[in-house]
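Please read this report with the sequence and the structure at hand.

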Amino acid sequence: MVRLILGASGSGKTTQLIEEANEAFKTTNGHVVFVDRDDDQMLQLDHSIRLINMEDYHIDSFDRLYGLLAGVMARDYDIQKIYIDDLHKDILHPENLESALTSLVTLGDENNTTIVLALSMEKSAIPEVEGIEIEERVQEA
């Protein structure tokens, strides 16, 4: 399954991801991975959560992100949740969004892993893909 947390910049998506990742670490039997564009969240995440900095692995396209995720899952069969924050439009282009989401659903399902992405997008921009769950965040006042 793939969950999308959608909302404008500043709506609390990153905070929600961090809280969910920390809670998942406490409540699941498997491993939790957090993927981000930098190491800024390192001190907010439980030290046992694997933080992967996309910049360290030159992730600049969806194909590279998919390869990273597939490699991580191939190495560790116990990953139950992967949280991905700060995906820029250079990785998820509108023209490849449907195929990218379909690929993530398949990857997650085949590995019994839930993938959660925080995206600064509107629900209307998300194509209908089976296996996608969408949550919208409202700008906090």
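What follows describes a predicted model, starting with the sheet.

Six strands form an open sheet in the order 3-2-4-5-1-6, and the pairing is parallel. Strand 3 (50-53) and strand 6 (132-136) are the edge strands, each with pairing on one side only. From one strand to the next, the twist averages 15°. Strands of a sheet pair through backbone hydrogen bonds, in either a parallel or an antiparallel sense.

## Pairing across the sheet

Strand 2 is joined to strand 4 in the parallel sense by five bridges. In this pair, Phe34 has Tyr83 of strand 4 as its bridge partner. Strand 4 in turn runs parallel to strand 5, with four bridges between them, and here Tyr83 stands opposite Val116 of strand 5.

Strand 1 (residues 2-6) pairs with strand 6 in the parallel sense through five bridges. Strand 1 also pairs with strand 5, again parallel and over five bridges. Leu6 has a bridge partner in each of these neighbours: Glu136 in strand 6 and Leu119 in strand 5.

## Strand 5

How many residues of strand 5 are buried? Six of its six residues are, so the strand counts as mostly covered, where buried means under 20% relative accessible area. In a regular strand, side chains alternate between the two faces of the sheet. In strand 5, Thr114, Val116 and Ala118 point one way, while Ile115, Leu117 and Leu119 point the other way; all are buried.

## Helices across the sheet

Helix 1 (residues 13-27) lies across strand 1, strand 2 (31-36), strand 4 (79-84), strand 5 (114-119) and strand 6. Its direction is at about 145° to strand 1. Helix 2 (residues 62-75) lies across strand 2, strand 3, strand 4 and strand 5, and runs at about 155° to strand 4.

The largest pocket holds about 220 Å³ of space. It is lined by 15 residues, of which Ser9, Lys13, Thr14, Asp85 and Ser120 are the closest to its centre. Which element gives the most to this lining? Helix 1 does, with three residues; helix 1 and strand 5 each supply at least two. By class, the lining of the largest pocket consists of four nonpolar, eight polar and three charged residues.

The second largest pocket has about 150 Å³ of space. Its lining is made up of Leu87, His88, Lys89, Leu92, Pro94, Leu119, Ser120, Met121 and Ala125. Six of these lining residues are nonpolar, two are polar and one is charged. Ser120 is among the residues closest to the centre of the largest pocket and also lines the second largest pocket.

## Val129 in its loop

Val129 is located in the loop between strand 5 and strand 6. Is Val129 buried or exposed? Val129 has a relative accessible area of 13%, which is under the 20% cut-off, and therefore counts as buried.

Apart from neighbours within four places in sequence, Val129 contacts Glu98, Leu101, Thr102 and Val105. Val129 and Val2 are 127 residues apart along the chain, and 9.9 Å separates their C-alpha atoms.

Technical notes
Residues numbered from 1 in each chain as written. Predicted model: local features only at pLDDT ≥ 70, side-chain atom pairs only at ≥ 80, totals over all residues. Heavy atoms only, no water. Pairing = 2+ DSSP bridges. Axes fitted to C-alpha atoms, helices over the stretch in contact; angles between N-to-C directions. Contact = heavy atoms within 4.5 Å. 1 Å grid on protein atoms, 1.4 Å probe; cavity = no way out; pocket = protein on both sides within 12 Å on 5 of 7 lines; lining within 4 Å. Points joined across faces, edges and corners; volume = space filled by probe spheres on them. Nonpolar A, V, L, I, M, F, W, Y, C, P; charged D, E, K, R; others polar. Buried < 20%, exposed > 50% of the residue type's maximum accessible area, 1.4 Å probe, protein only.
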